[in-house]
Structures are given as structure tokens and as C-alpha cells.
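Dear colleague,

I am handing over a structure that may be new to you, and I would ask you to look it over before reading my notes on its charged side chains, which follow below.

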Amino acid sequence: MKKFHLILVAFLLSFTSYAQIVLPLDFESTSVTYSFTDFAGGAVTVIPNAQANGINTSSKVAQMVKSSGQTYGGSFISLTNPIDFSVNRTFKMKVFSPRVGAKFLLKVENQANASISFEKEVSCTTANAWEDLTFDYSAISTTNQYQKMVFIFDNGTMGDGTANFTYLFDDVRLVAGGGGPSLTQMNLPVTFDLTTVDYGLLGFGGAEQSSIVTDPTNATNKVAKVIKSAAAELWAGTTVTASAGLGFSSRIPFTASSTKLSVRVWSPNAGIPVRLKVEEHGDPTHSVETEATVTLASGWQTLEFNFANQAAGTAALNLGYNYDKASIFFNFGTTGAIAGEKTYYFDDVQFGTGGGGGPLTQMNLPVTFDLTTVDYGLIGFGGAEQSSIVADPTNASNKVAKVIKTAAAELWAGTTVTAAAGLGFATRIPFTASNTKMSVRVWSPNAGIPVRLKAEEHGDGTHSVETEATVTLASGWQTLEFNFANQSAGTSALNLAYNYDKVSIFFNFGTTGAVAGEKTYYF
């Protein structure tokens with residue numbers, strides 16, 4: 001019997017070496033061999049955690065050293081089973097980076113076919129401290145299988161094997177979230193503010209530390225930050241690019257009379273040239289470049305770029321090309337060695353300039369009221385006729401809709417969000433069986449009031465659906481969620497065959513102005 005026990009113990013000890021590699025990857029197990037496969041200059045090893053502090057006090061972590069080889073150098077690990085994206089589609093990972101702005105690309109692949117893949121890239125915002133990065137995989141195809149996880153730091157930049165290219169990562173896990181609507185591809189105008197849009201930046205030539213950050217002059221605004229390093233090339237720049245190297249979802253609508261783009265910029269110095277280049281994402285030989293000059297130091301200003309006046313030595317604007325990607329170059333023509341390291345910001349990349357740059361485009365979701373190239377419109381009715389677009393009373397840099405429900409207002413007084421000629425949005429609201437919600441940020445002087453939201457077809461008002469949410473905060477902004485799968489009593493149910501493309505909002509629905517008194521609301 002004792003001999004049998006010894007044999008059983010020996011069997012169990014040998015069996016542990018075949019433990020499965022599964023999520024989460026915390027590198028703590030003594031029974032798992034974390035077998036990474038390195039490529040193109042990347043190298044991952046599991047080591048004791050020499051930075052056990054802050055949010056990560058675990059005993060072991062993975063270390064990535066990126067040496068010279070290829071700019072895409074990294075490492076991958078194969079999991080025992082395919083990753084289950086059926087419910088959760090958000091990855092979290094703790095990362096320790098030697099510098100701010102270092103980019104971390106997380107990619108998953110099919111074990112047998114690497115072309116079946118999905119990737120997201122996130123920039124580190126902290127140097128020499130642990131932070132938890134979030135990778136939104138909501139757009140991934142759940143019909144495919146993914147067993148390989150690929151890790152690449154600073155994709156597009158050659159490593160040198162030094163401490164500046166040594167990173168730690170830990171606790172790779174799939175968490176709740178990401179099961180909602182996919183992020184939409186970026187398009188003009190680019191504001192960096194919309195949580196439903198897949199914004200992206202790719203710095204090069206010494207501007208690799210390009211990232212989307214909070215505006216240093218306005219905490220409610222998101223902007224692009226570009227650090228042109230002391231080692232930067234004279235052509236260092238930043239491409240505005242979404243996932244997979246794509247630019248905008250549609251071509252820039254240049255015509256013979258509409259040839260301008262504008263960009264809001266912040267520079268520490270006046271008198272520097274800023275070059276803007278547009279190209280076809282599938283054929284970079286189809287490009288055109290032009291320049292404008294900063295005239296304000298340490299302040300925001302809007303620069304106008306007229307592509308009918310191309311930069312010397314570059315190709316002319318060709319209206320037959322499908323330009324759909326843009327790159328910006330601060331202090332073009334001057335190296336970082338001459339200028340020294342400089343930090344720039346940019347925002348609001350848009351077609352036209354508001355001064356003959358092009359016609360207004362039809363409004364579409366999301367409606368922010370901020371874009372000068374969009375034809376926003378409001379129609380108040382039933383005692384809410386004084387509906388207008390105004391400056392946010394709590395933030396002068398933001399535009400909002402203001403609704404005055406008068407003392408004579410009907411219980412059904414409301415405001416339709418409508419562009420010129422009674423049109424609503426440029427495309428139908430993309431309701432599906434699993435995506436039935438809209439949200440609206442609102443401000444009300446009173447809590448506890450119902451807000452009704454109605455969606456309809458602009459050409460057939462009988463095709464409509466209504467639902468309600470309740471304000472819980474008085475005299476402050478809050479975001480209300482409206483689920484059209486739960487229609488209001490006595491109204492029609494959501495019909496996915498209808499082309500809902502217009503909405504109306506009703507504050508304190510069901511109460512007349514005579515009862516409530518005159519009230520002012522914002523959304």
C-alpha cells in the first residue's frame with residue numbers, strides 16, 4: 001500500500017506539469033509553464049516582481065524586453081482553449097512602463113490562421129508605476145476562435161534592449177463589459193470626445209508619444225497630445241488613424257470650390273509651420289499636403305489648411321482620389337535636435353472652416369451641438385417653442401440645447417431634434433434586438449420628473465416608439481438611459497423594420513406648465 005501511495009504521488013507531481021494555460025494570466029501558478037514565443041526582437045520572461053507596489057503586489061510578473069530587430073517585435077502565448085467572448089469583451093491588464101505614452105498592442109489570433117485576428121492598442125499614461133489598461137474588444141467577431149494572445153509594446157518603433165524598452169505586465173484578464181454596440185469608425189469632424197467612436201493616433205519619426213488626453217485647459221474636453229522629442233526627425237508627425245490602419249469611414253468631400261480643412265491647435269511657440277497631409281489609406285502615393293502657421297503661443301487657435309495650395313514639392317490636390325486619412329506635422333522642417341523637445345495639442349479636425357469651406361452636413365447621432373460643420377436644428381411645440389442651441393451655463397466651451405417649458409405649456413410640450421427641411425438624422429437609428437437603448441445628458445431644476453424620448457420616421461410619424469426615464473439629480477447634469485424595448489404605456493412597441501431617424505424629447509411629460517410653472521431644462 002505504501003508503494004502505491006508513492007506511485008500515486010509521483011503521478012500527481014508529473015501530472016501538474018501539464019496544467020492548462022487559461023485566463024486570467026497572473027503568472028503565479030507553480031504548475032503552469034508560461035511558454036511565450038518571441039519574435040522580431042521581442043522577448044518575454046516570467047520574473048519576480050521587483051516593482052511590488054501600488055495596484056500590483058503579486059510575486060511574479062511578465063517582463064517584455066524589446067531589442068533591435070523589427071518595429072513590431074513582441075511575443076505570443078497560446079492558450080489551451082479558445083477565449084470565450086460570448087459575454088465579456090473587455091480585457092484588463094496591469095502594465096508598468098518606463099515612460100508615458102508608450103503604446104501596448106494586445107492582439108488575439110486563431111491558432112491555425114493568423115489572418116483571423118483582432119487587436120487594440122492603448123497608451124500608457126503613467127511612468128514607473130503600475131496602471132490597469134483597458135482594451136475594448138466589443139467589435140470582435142464572436143463566430144471565430146482565438147487561442148493565441150500577442151503582446152507588442154511600441155508597435156512601429158524599433159527597440160534597443162535598454163531600460164527604456166523594458167516593460168512589465170500582469171493580470172491579463174477578461175472582464176464584464178464590451179458586450180454593447182461596436183465602436184464606429186472615426187470620421188470627420190474628429191473631436192476625440194465621443195465614447196462610441198474608435199479614435200486612434202500613430203506617431204512616427206520622434207513623435208511616437210502621441211496620445212488622446214484631457215485638454216489641459218478644459219477638463220471636460222478630450223484632445224490629441226503630441227510630444228516631438230529632442231531626437232525627432234524634421235518630418236516627425238502623427239497620423240489620425242482608427243483600428244487596422246484605417247482613417248475615416250468616408251472620403252473627405254473635396255470639390256473644386258471646397259478644398260479646406262481646419263484644425264484647432266495649441267503650440268508653446270508662435271511662428272512655427274504646421275503641415276497637414278491627407279492620403280488614401282490604401283494607396284499613400286495618392287496624397288496632398290499643405291501648411292499653415294501658428295500665430296499664438298501657449299493658447300488654442302484654429303488653423304485653416306487650403307489643399308488647393310499644396311506645399312512646395314508635393315503633389316497637387318486630385319479630386320479623383322479618395323483621400324480618407326490625415327497626418328499632422330508640428331514645426332515641419334525642423335528637427336528636435338534644433339528645437340528641443342516640445343509638446344503640442346490638436347483637436348476638432350473638420351472639413352471646411354465655417355467661411356465658405358463647404359456646406360453644412362446633415363445631423364446624425366451622436367448629437368453634440370458642438371460641430372460648426374453640422375446642420376443642427378430644434379423645433380419646440382406645445383409651449384416649448386423657445387427651444388434653442390446655447391452655450392452650456394456650466395461650461396462656456398460646450399454647446400447644448402435649452403428648453404423653456406412655459407407656464408402655458410401643454411402636458412405634451414416638447415422639442416424635436418430636427419435638421420433643415422424637417423429631416424432628422426442622416427441615417428436610421430441602428431436599433432437591433434439586443435441594442436435598444438439611447439442616452440441623453442440632461443439638466444433639470446428639479447429631481448423626480450419623467451423625461452420622455454420618442455423616436456420616429458421623419459416621413460411617417462405613425463412609425464414611432466416612446467419610452468421614459470426619471471431625473472434623479474436637481475440642478476446638475478446627469479445621463480439618462482432610454483430603453484425602447486420598454487415602451488411607454490399606451491404607445492407602440494419598438495418595430496425593428498421601421499426606419500426611425502428622428503427624436504423628440506419631453507421634459508416633465510404629463511404635467512402642464514400651469515401646474516409646474518415655467519421651467520428651463522437643458523440637454
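Arg275 is buried, since its relative accessible area is 9% and the cut-off for that class is under 20%. Please keep in mind that this is a predicted model.

Arg275 pairs with Glu291 in a salt bridge whose closest N and O atoms are 2.8 Å apart. Because Arg275 sits in strand 18 (residues 273-280) and Glu291 in strand 19 (residues 283-293), this pair ties together parts that are 16 residues apart in sequence. Glu291, for its part, counts as partly exposed, at 33% relative accessibility.

The structure holds 14 salt bridges, and one of them is formed by Asp132 and Arg173, with the closest N and O atoms 2.5 Å apart. Asp132 belongs to strand 8 (residues 130-136) and Arg173 to strand 10 (residues 166-175), so here the parts tied together are 41 residues apart in sequence. Asp132 is partly exposed, with a relative accessibility of 28%. Through salt bridges that share partners, Asp132 and Arg173 are also joined with Lys92 into one network.

A further salt bridge runs between Glu304 and Lys260, where the closest N and O atoms are 3.3 Å apart. This pair links distant parts of the chain, as Glu304 lies in strand 20 (residues 299-306) and Lys260 in strand 17 (residues 260-267), 44 residues apart. Glu304 is partly exposed, its relative accessible area being 40%.

Key
Residues numbered from 1 in each chain as written. Predicted model: local features only at pLDDT ≥ 70, side-chain atom pairs only at ≥ 80, totals over all residues. Heavy atoms only, no water. Salt bridge = Lys/Arg side-chain N within 4 Å of Asp/Glu carboxyl O. Helix = DSSP H or I, 4+ residues; strand = E, 2+ residues; numbered from the N terminus. Buried < 20%, exposed > 50% of the residue type's maximum accessible area, 1.4 Å probe, protein only.
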